[in-house]
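Please open the structure in your viewer and keep the selection tool at hand.

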Amino acid sequence: MKILTVLLVLTGSALANPAQQEQQINMMLTMMERMGELERISQCVGVSQDRLKRVYRQTFAECGMGDMMSDEPSPAHQACLESSIVEHSGVAQERWEACDRDGDTEQQDDPLMAELDALSDRIGDRDPTAAEQQQMDQLIERMQQRGVAEMQQMVDAMIAGSQGSESLITLPLYPEAELLINIPAQSEMEIDEQRYETLPGASFITKASPAQVLAYYRQQLPTFQMHRSGSDTVALMQNIPPGFDYNRNMGQAFSIPHIYIQPASDKDRLRLAGAQTLFFVYYQPAD
């Protein structure tokens, strides 16, 4: 059940309404499928992927998403997940636990790290030779490249899981903008030992210029106030607290409905050719 706990932290909230919870479950299952976890668990427990999806849906319909704003997952919620998934799958608890352990073992068996550790042990306290330093640098570079690839895989999975969720966003949507990621649930973040309850948020990309996007939202949200956080970034906010600075008070910003607009990067243009603007919509969830 560890994989469910991890993905719930990314996608889940006890504050979600039924539509939001359905989107959270869709995102979680899409992420599991894209990252190969659904296939791994399916093979391990001996249940087809389609049936496994139904089991997860039944489990969360019965237990809910839990309170992911707490520091630790609720033992009662964890117990509900464990008993419900056994009941709906017909697979013994011991099998699920063994598959969790198998997943942990796969993550721990890192050949690159093992090779780097062996090299470090061989070098010991002496200075590495030029060949050893080169080998070490190559191993570190490969590990960094793998980390970037794994992060991109997760981002791609979240984008895939977000599609079709536009109706949950309660602020206007810029015409023809392409939805990237939508996290349609409140959550919590900590910055400088201060905790903030954050709003749902969605990111979009468009071929329109930042000025065009800003003009649209100033027309659609005439009571929102403009706050510049940099030479080429601007936030249009429902309210601006006294002394507020977006870069210093980011946690506070994420608790206020607003639009954050910035120029698209070269990486953004790889996703949408001709993209000029990346913008974020932080919105109050629907009742």
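How many aromatic pairs does the structure hold? In this predicted model, there are 9 aromatic pairs. Each such pair of rings is described by the distance of the centres and the angle of the planes.

Begin by selecting phenylalanine 244 and tyrosine 246, which form an edge-to-face aromatic pair. Their centres are 6.1 Å apart, and the planes make an angle of 85 degrees. Both phenylalanine 244 and tyrosine 246 are buried.

Next, select tyrosine 260 and phenylalanine 280. This aromatic pair is tilted, with 6.3 Å from centre to centre and 55 degrees between the planes. Which strands hold the two residues? Tyrosine 260 belongs to strand 7 (residues 258-263) and phenylalanine 280 to strand 8 (residues 277-282), so the pair ties together parts that lie 20 residues apart in sequence. Is tyrosine 260 buried or exposed? Tyrosine 260 counts as buried because its relative accessibility is 12%, and buried means under 20%.

Now select Tyr174, Phe204, Tyr216, Tyr217 and Phe279 together. These residues form one aromatic cluster.

For the last stop, move to alanine 273, in the loop between helix 11 (266-271) and strand 8. Alanine 273 has a relative accessibility of 56% and therefore counts as exposed, the cut-off being over 50%.

Terms used
Residues numbered from 1 in each chain as written. Predicted model: local features only at pLDDT ≥ 70, side-chain atom pairs only at ≥ 80, totals over all residues. Heavy atoms only, no water. Phe/Tyr/Trp six-rings, centres within 6.5 Å; stacked < 30°, edge-to-face > 60°. Buried < 20%, exposed > 50% of the residue type's maximum accessible area, 1.4 Å probe, protein only. Helix = DSSP H or I, 4+ residues; strand = E, 2+ residues; numbered from the N terminus.
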